[in-house]
Amino acid sequence: MRRAYLIELTVFRDYGKQLLALGFLVAVLVGCGMQTVLAAPSIITCMFFMMGAMGAAAYDEQNDWGRFRLTLPLSRRDVVLGRYGAIVTLGLGGMAVGLLAALAISAVASAVELPGELSQALALDGDTLSAMAFATTFCLLIGSTVASVVTPIYFRLGQTKATQLLPTIIVMLFVLPVVFLGNSGLLDGALPGLEQVAAFLAYIETPEGLVVGCAGMVAAAAGILAASAALSLRLYETREL
């Protein structure tokens with residue numbers, strides 16, 4: 001697995017460098033445009049998990065790399081685990097870039113008096129840091145979930161066929177349920193368990209609740225990625241290249 005992981009990172013090297021630089025720029029622009037550093041790390045984290053999955057699949061069909069890779073001393077299990085390792089590495093790299101951009105913006109805002117109340121808006125305090133931690137781990141969960149959905153499809157069908165089907169799959173999994181619930185009338189009345197949800201949200205606002213919530217989302221993301229990797233391995237083993 002380690003060899004496959006290093007090969008993935010080598011293939012990803014130039015793409016990853018460009019994406020990291022772009023992510024830093026996007027984080028700075030988002031922070032300045034929204035006049036808050038809260039959202040930048042979360043947006044970049046989610047984006048990098050999804051871009052990692054899609055970018056890696058695109059390389060498989062360039063110069064027939066997917067077939068050539070199997071001529072190397074690598075098993076299909078190594079290929080799958082190396083791919084997921086590279087996706088997680090790029091996603092966590094995006095998180096680091098987003099946090100670095102947020103800290104840089106806040107440092108500049110503290111050192112230089114900006115027009116209006118921009119310096120105060122971009123400053124970091126305890127509440128902003130707590131909200132940033134929760135939003136970032138939540139978007140880590142969202143990004144890893146999307147990557148977990150699309151990666152098995154890429155392993156089974158290849159990048160070209162999967163790209164044709166993914167819009168339909170995404171709509172069926174994420175859009176149609178929302179439309180169905182909205183039109184079914186189930187959301188018109190009081191939702192069951194609404195009081196428990198409100199109590200949980202109030203608990204999340206406490207320091208202990210924040211730690212538990214963030215740890216729970218990270219654990220959920222790890223579990224989803226592990227289940228996706230197991231599914232990808234089964235699908236990839238039966239695929240003829």
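Helix H1, residues 2-34, packs against helix H2, residues 39-60, at an angle of about 155 degrees, and their axes are 10 Å apart. Here, helices (H or I, at least four residues) and strands (E, at least two) are DSSP runs, numbered from the N terminus. The axes are lines fitted to C-alpha atoms, for helices over the stretch in contact, and the angles run from 0 to 180 degrees between N-to-C directions. The angle makes H1 roughly antiparallel to H2; under 35 degrees counts as roughly parallel, over 145 as roughly antiparallel, 65 to 115 as roughly perpendicular and the rest as oblique.

A word on the model itself: it is predicted, so local features need pLDDT of at least 70 and side-chain atom pairs count only at pLDDT 80 or more, while totals for chains, interfaces and linings use all residues. Residues are numbered from 1 along each chain as its sequence is written, and side-chain values use heavy atoms, with hydrogens and water left out.

Back to the helix pair. H1 passes H2 in a right-handed crossing (left-handed if the near helix is turned anticlockwise from the far one by less than a right angle, right-handed if clockwise). On the H1 side, the residues making the contact include Val11, Phe12, Tyr15, Leu19 and Leu20. On the H2 side they include Ile43, Ile44, Met47, Phe48 and Tyr59. Contact means heavy atoms within 4.5 Å. Sorted by class, the contact of H1 with H2 has 18 nonpolar, three polar and no charged residues. In this sorting Ala, Val, Leu, Ile, Met, Phe, Trp, Tyr, Cys and Pro are nonpolar, Asp, Glu, Lys and Arg are charged, and the others, Gly among them, are polar.

Two of those contact residues deserve a second look. The structure holds two aromatic pairs. In one of them, the rings of Tyr15 and Tyr59 have their centres 6.1 Å apart and their planes at 75 degrees, so the pair is edge-to-face. The rule is that rings of Phe, Tyr and Trp (its six-membered ring) pair if their centres lie within 6.5 Å, with planes under 30 degrees apart stacked, over 60 edge-to-face and the rest tilted. Because Tyr15 lies in helix H1 and Tyr59 in helix H2, the pair ties together parts that are 44 residues apart in sequence. Tyr15 is buried, at a relative accessible area of 17%, whereas Tyr59 is partly exposed at 22%. Buried means under 20% relative accessible area, exposed over 50%, and partly exposed in between (1.4 Å probe, protein chains only).

Between H1 and H2 comes a loop, where you will find Gln35. Its phi is near 60 degrees, a positive value in a residue other than glycine. Gln35 is partly exposed, with a relative accessible area of 46%.

Thr137 is buried, with a relative accessible area of 11%. Leaving aside residues up to four places away in sequence, Thr137 touches Cys214, Met217 and Val218. Leu201 belongs to helix H7, residues 194-204, and counts as partly exposed at 48% relative accessibility. Its C-alpha atom is separated by 9.6 Å from that of Gly213, 12 residues apart along the chain.

Now step back to the whole chain. The protein chain has eight helices and zero strands. Its C-alpha atoms fill a box of roughly 60 × 50 × 30 Å, taken along the principal axes. Of the 241 residues, 37% count as buried. Among contacts with a separation of 6 or more, 81% come from residues 24 or more positions apart.
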